[in-house]
Amino acid sequence: MRKLVASPFSSLLVVVLIISAITVVRCCSPKDQTALNAFKSSLSEPNLGIFNTWSENTDCCKGWYGISCDPDSGRVTDISLRGESEDAIFQKAGRSGYMSGSIDPAVCDLTALTSFVLADWKGITGEIPPCVTSLASLRILDLAGNRITGEIPAEIGKLSKLTVLNLAENQMSGEIPASLTSLSELKHLELTENGITGVIPADFGSLKMLSRALLGRNELTGSIPDSISGMQRLADLDLSRNHIEGPLPEWVGNMKVLSLLNLDCNSLTGPIPASLLSNSGFGVLNLSRNAFEGSIPDVFGSTTYFVSLDLSHNSLSGRIPDSLSSAKFVGHLDISHNKLCGRIPTGSPFDHLEATSFSDNQCLCGGPLMKSC
């Protein structure tokens, strides 16, 4: 019997077919392509021609700007459209983008979506479709830098995988939904510069994974919830330019990783906790334009390190602590517009500060003020 021997060509053909089978990328899901076309129909971007790549005659997984798909299922997983980008299409145009229109609820038909970024376009209006909360795989929702109105969807807590929620610099109103505090995977929350009202939820501290909570420039009222004291990963907390009132809790200074605390332009009262100024982990502390009173705690030391320390526009009295001269580093210091008295200490950081850092106090003298004591 003659033995059959495979030719080199046939062996190569088998290898090619196997590789092709492994690397095949499925076409875009017809349902997803229909949803994207409806999404596009509610938007207008006249400057960059981004939507020129969204042709009904081409596969949405192949060449549609800002769209990514799962290679196995052909389902759309990412919409990434940002009006300020380093992408070549922006560099070629030499400008930032401008997009108007609204978010069509058809986006909710993209049930495999993990990332939805439609940010920094300046002209997108309307409300966030409530059905967005049905996108169970969503991890990133970034709609910042537009003119979106309405409220945060009440059932936002259904997005159990969400790690980033950024709705900053819009025109949103209403209160922070109670369900938001059930987002157990949330790491970044930014609601800055809207018209959000009401109090910070009492159980805000349930967001155990949160590292950034940026809620400044809103209309929030009430006090700082005690539950925040248990947020072991919180590094940045910005509640500036709201209507937060009451005393600043002592526990704020004991938070392990908090390095930025911005509370300026609120209605906080009482003394500044000593623990806040003795905490060597802070880099930026802004307590300006409140109603703090009493003396500045004399608790600074060799581990004190402030990139910026702003205690201006309060009702602080007494002397400037001599221990501040022993600080490892203080880059910017502003204690102006208080009721401080006495001689300004010498040495660092006082030898590199301007007179404006000490102006409009009751009876400070010496140092940059050029006023004899």
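Is Cys 27 buried or exposed? Cys 27 is exposed, because its relative accessible area is 52%, and exposed here means over 50%, buried under 20%, and partly exposed in between, with a 1.4 Å probe and protein chains only. We will come back to that cysteine.

Hello everyone. A word on the ground rules. This is a predicted model, so local features need pLDDT of at least 70 and side-chain atom pairs count only at pLDDT 80 or more, while totals for chains, interfaces and linings use all residues. Residues are numbered from 1 along each chain as its sequence is written, and side-chain values use heavy atoms, with hydrogens and water left out.

Let's start with the whole chain. The protein chain has four helices and 23 strands; these are DSSP runs, H or I of at least four residues for helices and E of at least two for strands, numbered from the N terminus. Its radius of gyration is 28 Å, well over the 21 Å that the globule rule gives for 373 residues, so the chain is more spread out than a compact globule. That radius is taken over C-alpha atoms, and the rule is 2.2 Å times the number of residues to the power 0.38. Along the principal axes, the C-alpha trace spans about 110 × 50 × 40 Å. Of the 373 residues, 48% count as buried.

Now to helix 2, residues 30-41. How far apart are its end C-alpha atoms? They are 17 Å apart, which agrees with the 16 Å that its twelve residues should span at 1.5 Å a residue; the expected span is 1.5 Å times one less than the number of residues. Asp 32, Gln 33, Ala 35, Leu 36, Asn 37 and Phe 39 are buried in this helix. The buried residues of helix 2 pack against strand 1 (43-44), strand 2 (67-69), strand 3 (76-82) and strand 5 (115-119).

An unreviewed UniProt entry places "domain: Leucine-rich repeat-containing N-terminal plant-type" at residues 30-70. Such annotations may be inferred rather than shown by experiment, and the positions are in the numbering used here, with feature names shortened. That span is 29% helix and 12% strand, and its end C-alpha atoms lie 14 Å apart.

On to the cysteines. A disulfide is a covalent bond between the sulfur atoms of two cysteines. In this model, a pair of cysteine sulfur atoms within 2.5 Å counts as one, and the structure holds five disulfides. Counting bonded cysteines along the chain, the pattern is 1-2, 3-4, 5-6, 7-8, 9-10. Cys 27, our opening residue, is in no disulfide; the nearest cysteine sulfur, that of Cys 61, is 8.0 Å away.

Cys 61 itself is bonded to Cys 69, with sulfur atoms 2.1 Å apart. This link is left-handed, with -90° about the S-S bond. Cys 61 is buried, at a relative accessible area of 19%.

Which cysteine does a disulfide join to Cys 341? The partner is Cys 363, at 1.2 Å from S to S. The torsion about their S-S bond is about -80°, so this disulfide is left-handed. Cys 341 lies in strand 22 (residues 339-343) and Cys 363 in strand 23 (residues 363-365), so the pair ties together parts that are 22 residues apart in sequence.

Finally, Cys 365 and Cys 373 form a disulfide with sulfur atoms 1.9 Å apart. Their link is right-handed, with 110° about the S-S bond. Cys 365 counts as buried at 9% relative accessibility, whereas Cys 373 is exposed at 55%.

Notes
Contact means heavy atoms within 4.5 Å.
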